[in-house]
Amino acid sequence: MAAPRTGERPRVVLGVAGGIAAYKACELLRRLTESGHDVTVVPTAAALEFVGAPTWAALSGKPVATDVWSDVHEVPHVRIGQSADLVVVAPATADLMAKAAHGLADDLLTNTLLTARCPVVLAPAMHTEMWEHPATTANVATLRSRGVVVVEPAEGRLTGKDTGKGRLPEPSEIFELAVEVLARGAAVPDLAGRRVVVSAGGTREYLDPVRFLGNRSSGLQGYALARAAAARGAEVTLVSANVTLPDPAGVKVVRVETTAELRAEVVLAAGSADAVVMAAAPADFRPTAVSEAKIKKTVDGFAPAIELEQNPDILKEISHGRQRPGAVVVGFAAETGDDTGDVLDLARAKLARKGCDLLVVNDVSGGAVFGSPDNEAVILASDGATIDVPHGTKTALAHVIWDEVVGRFAR
Ligand code: CTP
């Protein structure tokens, strides 16, 4: 499937099914239109019970229809799907997904889903019982097997007083995912059916209840990797150490603080993963003892000595103890070069030492990469390949890394 036509605004169909989360789709629509997309909203009749047609028409600048009987001379039930560059349905109900999985077409949205040949993203929202029902599970599996990106719902407060899995992810994050799927333009995502684990952020090693040893990792690169993998259809677990960024849509986020916690969660998730990317910066050392009480200043002015012990090397452990044959392991190396060698000499030695398949090397001599939306890297592969990634966004680097991972799956 070709990328969206150049020179024209990309055509996005925003399907809205009948769930209370329909109101959140207004925010998604705003973001899509304000970023230059030509959006046609196709609500179901039930969706209009929640948010009326005038809202969709005003925000999209286009009339809206739910059935196939309006403007029949323009054959909308075929034309809208055929001419779309992306179809995103948010919220997608259990009913809508059941119809889509079985090829039913009794309104404009389900007709559009049958005629679309572009990438399709469904963002489900429903009560936990509905999401977990075997019928929904089977329908989601069918849709995913056909290349549809079905976003995992978020956990949290649902419509009533109950909480659980089934919330629509934040509209801003559905937007980020949708534009990435659109930018790639692939009707069949290349990480569909794959489980991946990404670690992000920097761990903290506590000295006492209020102080810790930490580092400058922002988590941006790890979050970009997780979001990119979700947009390419993967089931993503993001082990996140002290990151304040919003949860990427469709990604299972597991929060940790220390290197020991990070190790436990990464090892657990890696057992069934096709790829593990260690983008986190785990602290290499931790205090030998953690004081239960806040450490006080001494009257004589002497600073306390802090004794440290080494943390486990997670990347090395994962690389050498692969439980799944063919799993691809990726490490990162932030290097400055020293009197024993330049950045690439040190990185090649680290690749061999860690035993991973790919090592993404950042030259951090100037400290520029921390917290920056951009990155520049060299990827070293255990098979000897070297891939130069020019200065660009962390999202662009994330996609190059997944390209390399996907290439290694195929071997
Ligand atoms: N890493 C890890 N466990 C650690 C430390 C680092 O898994 N305890 C991972 C990081 O997530 C990264 C890679 O190892 O993917 C390289 O991290 P880096 O800090 O550069 O490696 P070190 O082993 O600490 O190397 P150095 O000898 O430079 O300290």
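**Entry 1**

I began with valine 75, which is partly exposed at a relative accessible area of 37%. My cut-offs: buried is under 20% relative accessible area, exposed is over 50%, and partly exposed lies in between, with a 1.4 Å probe and protein chains only. The model is predicted, so I keep to its rules: local features need pLDDT of at least 70, side-chain atom pairs count only at pLDDT 80 or more, and totals for chains, interfaces and linings use all residues. Residues are numbered from 1 along each chain as its sequence is written, and side-chain values use heavy atoms, with hydrogens and water left out.

Valine 75 sits in the loop between α3 and α4. Helices (H or I, at least four residues) and strands (E, at least two) are DSSP runs, numbered from the N terminus. I looked up the phi of valine 75 and found a positive value near 45 degrees, in a residue other than glycine.

Aspartate 71 lies in the loop between α3 (53-60) and α4 (76-82). Its phi is positive too, about 45 degrees, although aspartate 71 is not a glycine. Aspartate 71 is partly exposed, with a relative accessible area of 47%.

**Entry 1: the parallel sheet**

Next I traced an open sheet. Five strands make it, in the order β2-β1-β3-β4-β5, and the pairing is parallel. Two strands pair if DSSP finds at least two bridges between them. β2 (38-43) and β5 (149-150) stand at the edges with a single partner strand each, so one side of each has no neighbour in the sheet.

Which residues cover the two faces of β2? I listed Asp38, Thr40 and Val42 on one side, and Val39, Val41 and Pro43 on the other; all are buried.

I then followed the pairing of β2 with β1. Strand β1 (residues 11-16) runs parallel to β2, and six bridges join them. Arginine 11 stands opposite aspartate 38 in β2. Valine 16 has proline 43 of β2 as its bridge partner. Helix α6 (residues 108-115) packs on this sheet, where it touches β1, β2, β3 (86-92) and β4 (120-124). The direction of α6 makes about 140 degrees with that of β3. Contact here means heavy atoms within 4.5 Å. Axes are lines fitted to C-alpha atoms, for helices over the stretch in contact, and angles run from 0 to 180 degrees between N-to-C directions.

One more note on β3: proline 91 lies in this strand. The peptide bond from alanine 90 to proline 91 is cis, with omega near -5 degrees.

In α5 I marked the buried residues: Ala94, Leu96, Met97, Lys99, Ala100 and Ala101. They pack against β3, α6, β4, α7 (128-132), α8 (134-145) and β5. Just after α5, glycine 103 takes a positive phi of about 75 degrees.

Aspartate 107 comes in the loop between α5 (94-102) and α6.

A side-chain polar atom of aspartate 107 lies 3.4 Å from the backbone nitrogen of leucine 109. Leaving aside neighbours within four places in sequence, aspartate 107 is in contact with Thr44, Thr66 and Val68.

**Entry 2: the mixed sheet**

I moved on to another open sheet. Eight strands form it, in the order β12-β11-β8-β13-β16-β17-β18-β19, with mixed pairing. Its edge strands are β12 (252-256) and β19 (386-393), each pairing on one side only. From one strand to the next the twist averages 20 degrees.

Inside this sheet I checked β13 (residues 275-278) and β16 (residues 328-335), which run parallel and are joined by four bridges. Valine 276 stands opposite valine 329 in β16. Helix α14 (residues 394-409) lies across β8, β13, β16, β17 (358-363), β18 (374-381) and β19. It runs at about 150 degrees to β19.

**Entry 3: leucine 191**

Is leucine 191 buried or exposed? I found it buried, with a relative accessible area of 0%. Leucine 191 belongs to the loop between α9 (171-184) and β8 (195-201). Not counting residues up to four places away in sequence, leucine 191 touches Ala229, Arg232, Gly233, Ala234, Trp402, Val406 and Phe409.

Conventions: Polar contact = N/O pair within 3.5 Å; in protein donor to acceptor, adjacent residues only side chain to side chain.
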